[in-house]
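I've got a two-chain model open and want to talk through how its chains meet.

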Amino acid sequence: MFALVLLVCAICIVMLTVRAAKGPTAFDRILAVNCIGTVIILGISLHGFALGRPEFVDISILYAVLNFLGTLAILRFYRNSDVSDEDL
Amino acid sequence: MNLIIDIASYICFFIGAFALITGSLGILRLPDVYSRIHAAGIIDTAAVGFIILGMMLQSGFSLTSAKLALIVLFLFFTSPISGHAVAMMANKFGIKPEAKEIKPKNKNAGDLNG
């Protein structure tokens with residue numbers, strides 16, 4: 001059953017990668033990469049359960065933190081790239 | 001008792017996988033950024049919530065369940081923040097939502113409201 005949900009995660013990552021590759025604006029790509037990170041959190045946990053080693057959940061927590069901080073860092077980069085803004 | 005927990009866990013996995021496919025298809029098919037954020041919210045709440053609930057049912061009352069609950073709690077706070085940040089920056093960079101203007105079917109329909 002874990003392997004089946006992992007297969008669904010893989011299919012969803014393929015669909016999200018298509019959107020990240022051909023997204024018209026940069027924000028589509030950021031959103032798609034953020035969702036890929038969320039699906040990978042699920043994938044790491046399910047992989048640990050499928051192998052009978054639930055300690056992989058720690059790596060999953062770390063990945064959740066890095067995913068959130070990465071998204072905010074890229075958005076902050078776009079915010080600072082606008083020269084005409086005054087409230088930087 | 002073990003069989004009942006297994007069945008409940010599999011039902012949670014099924015609902016979560018359905019939400020995962022729904023959200024991914026939404027990100028792939030919906031027309032603009034603002035509607036894709038809605039689809040991303042489906043993945044961040046329903047899919048993660050139900051699949052991790054299934055894993056918590058499998059692991060029982062242990063430290064692993066506490067860590068899984070911590071993941072759900074973290075995503076519960078960070079997912080709206082990142083979605084709001086993406087929408088705010090997209091709005092600031094001048095991306096318009098692709099909303100169609102709703103027109104009345106016949107000409108006299110508009111006259112009733114003046």
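This is a predicted model: local features need pLDDT of at least 70, side-chain atom pairs count only at pLDDT 80 or more; totals for chains, interfaces and linings use all residues.

Me: How far can I trust chain A, and which of its helices has the highest confidence?
Reply: Chain A averages a pLDDT of 85, with 90% of the residues scoring at least 70. Confidence is lowest in α3(A), where the mean is 86. At a mean of 92, the highest belongs to α1(A).

Me: Which helix gives the largest share of the side of chain A that touches chain B?
Reply: The contact takes 35 residues from chain A and 34 residues from chain B. On chain A's side, α1 (2-22), α2 (26-51) and α3 (57-81) each supply at least two residues. That side splits into 25 nonpolar, six polar and four charged residues. The largest share, 13 residues, comes from α2(A).

Me: How do α1(A) and α1(B) run relative to each other, roughly parallel or roughly antiparallel?
Reply: Their axes come within 9 Å and cross at roughly 10°. Angles under 35 degrees count as roughly parallel. So α1(A) and α1(B) are roughly parallel.

Me: What is the make-up by class of the contact of α1(A) with α1(B)?
Reply: From α1(A) come residues including A:Val5, A:Cys12 and A:Arg19, and they meet a set in α1(B) that includes B:Phe13, B:Ser24 and B:Leu28. By class, the contact of α1(A) with α1(B) has 14 nonpolar, one polar and one charged residues.

Me: Which residues have the most contacts inside the largest nonpolar core?
Reply: This core has 45 residues, and α1, α2 and α3 of both chain A and chain B give two or more residues to it. Its largest share, 13 residues, comes from α2(B). One of the residues with the most contacts, A:Cys35, touches A:Leu16, B:Ile27, B:Ala40 and B:Ile43, leaving aside residues up to four places away in sequence.

Technical notes:
Residues are numbered from 1 along each chain as its sequence is written. Chains are lettered from A and ligands numbered from 1 in the order in which they are written. Two residues are in contact if their C-beta atoms, placed from the backbone, lie within 7 Å. Helices (H or I, at least four residues) and strands (E, at least two) are DSSP runs, numbered from the N terminus. Ala, Val, Leu, Ile, Met, Phe, Trp, Tyr, Cys and Pro count as nonpolar, Asp, Glu, Lys and Arg as charged, and the others, Gly among them, as polar. A nonpolar core is a set of buried Ala, Val, Leu, Ile, Met, Phe, Trp, Tyr and Cys residues joined through C-beta atoms within 7 Å. A residue is buried if 20 or more other C-beta atoms lie within 10 Å of its own, exposed if 12 or fewer, and partly exposed in between; C-beta atoms are placed from the backbone. Axes are lines fitted to C-alpha atoms, for helices over the stretch in contact, and angles run from 0 to 180 degrees between N-to-C directions. Angles under 35 degrees count as roughly parallel, over 145 as roughly antiparallel, 65 to 115 as roughly perpendicular and the rest as oblique. pLDDT is the predictor's confidence in each residue, from 0 to 100.
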